[in-house]
Amino acid sequence: MLKRVAIFASGNGSNFEALYQAQVNKEIDISIELVVTNNKDAYVIKRAQEYNVEVYIVDYKKDSESEIEANIIKQLKEKEVTLVLLAGYLKKIGPLLINHCPIINIHPSYLPKYKGLNAIERAFMNGDEYIGVSVHYIDEQLDNGPIIMQEGIRVNNNSLEKTIEEVHKLEHHLYVASLQKVLEEI
Ligand code: GRF
């Protein structure tokens, strides 16, 4: 059954793009109803506007977390969204949203390793042979919760730039595959 989703993103939005293309190509049975961002300059806004996906901008300097989350929930309800996908959203998700509907996140590491920012860089600097990508349901803790899928790439002797590029490519594929899995199960 078609799942109406919202994507939360703070930056470039390449994962939004991958999910949008997978929707258009009917690889996953989703309808992206809304993009939520805390960054009014994020490139993801341009991408969303190009595809006529509505954007909702929140401001944590102006409003409290609970006010923001209550407003987001209003938006989700209006648009009958029942699944939230985090794709580079750089703000903590609080209890209001966590208790509202399932929320999935993508993180570029073999969780529980390298939670938080700059995960690829930290794994690379440590000389890890493999760098992972995890798609998981979230809970109250940062980059934590039940894993849906995990895969990795081998660093070989590649540069950091090339490694980051490969990890992002894997992310785009793994987010789509994870949603296919999730939508089969619910
Ligand atoms: C990705 O590396 C994702 O795993 C992490 O934030 C980054 C977002 O990239 N959570 P983009 O904005 O989707 O290009």
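The following dialogue explains how to read several features of this predicted model.

Q: Which conventions apply to the model and its numbering?
A: In this predicted model, local features need pLDDT of at least 70 and side-chain atom pairs count only at pLDDT 80 or more, while totals for chains, interfaces and linings use all residues. Residues are numbered from 1 along each chain as its sequence is written, and side-chain values use heavy atoms, with hydrogens and water left out.

Q: How many helices and strands does the protein have?
A: Helices (H or I, at least four residues) and strands (E, at least two) are DSSP runs, numbered from the N terminus. Here there are 6 helices and 7 strands, and from the N terminus on they run β-α-β-α-β-α-β-α-β-α-β-β-α.

Q: What does the radius of gyration say about the protein?
A: The radius is taken over C-alpha atoms, and the globule rule is 2.2 Å times the number of residues to the power 0.38. The radius of gyration is 16 Å, close to the 16 Å that the rule gives for 186 residues, so the protein is as compact as a globular protein of that length. Along the principal axes, its C-alpha atoms fill a box of roughly 50 × 35 × 30 Å.

Q: Which residues of α1 are buried?
A: Buried means under 20% relative accessible area, exposed over 50%, and partly exposed in between (1.4 Å probe, protein chains only). By this definition, 50% of the 186 residues of the protein are buried. Helix α1 (residues 14–24) is mostly covered, with 9 of its 11 residues buried; among them are Ser-14, Phe-16, Leu-19 and Tyr-20. The buried residues of α1 pack against β1 (3–8), β2 (30–37), α2 (43–50), β4 (83–86), β5 and α6.

Q: Which residues have the most contacts inside the largest nonpolar core?
A: A nonpolar core is a set of buried Ala, Val, Leu, Ile, Met, Phe, Trp, Tyr and Cys residues joined through side-chain atoms within 4.5 Å. The largest one has 40 residues, and those with the most contacts inside it are Phe-16, Leu-19, Ile-32, Leu-85, Ile-104 and Tyr-175. Helix α6 (residues 160–185) gives the most to this core, with 8 residues. Apart from it lies another core, of 20 residues, including Ile-68 and Leu-97.

Q: Is Asn-105 buried or exposed?
A: Asn-105 lies in strand β5 (residues 103–107) and counts as buried because its relative accessibility is 8%. A contact means heavy atoms within 4.5 Å; not counting residues up to four places away in sequence, Asn-105 touches residues including Leu-86, Val-135 and Tyr-175. A polar contact is a pair of N or O atoms within 3.5 Å; within protein, one must be able to donate a hydrogen and the other to accept it, and residues adjacent in sequence count only if both atoms are side-chain atoms. Such a contact, of 3.2 Å, joins the side chains of Asn-105 and Asp-143.

Q: Which residues are around the ligand?
A: A residue is near a molecule if one of its heavy atoms lies within 4 Å of it. Around the ligand are Asn-12, Gly-13, Ser-14, Asn-15, Gly-88, Ile-106, His-107, Pro-108, His-168 and Glu-171. An oxygen atom of the ligand is 2.5 Å from an N or O atom in the side chain of Ser-14, and an oxygen atom of the ligand is 2.2 Å from such an atom in the side chain of Glu-171.
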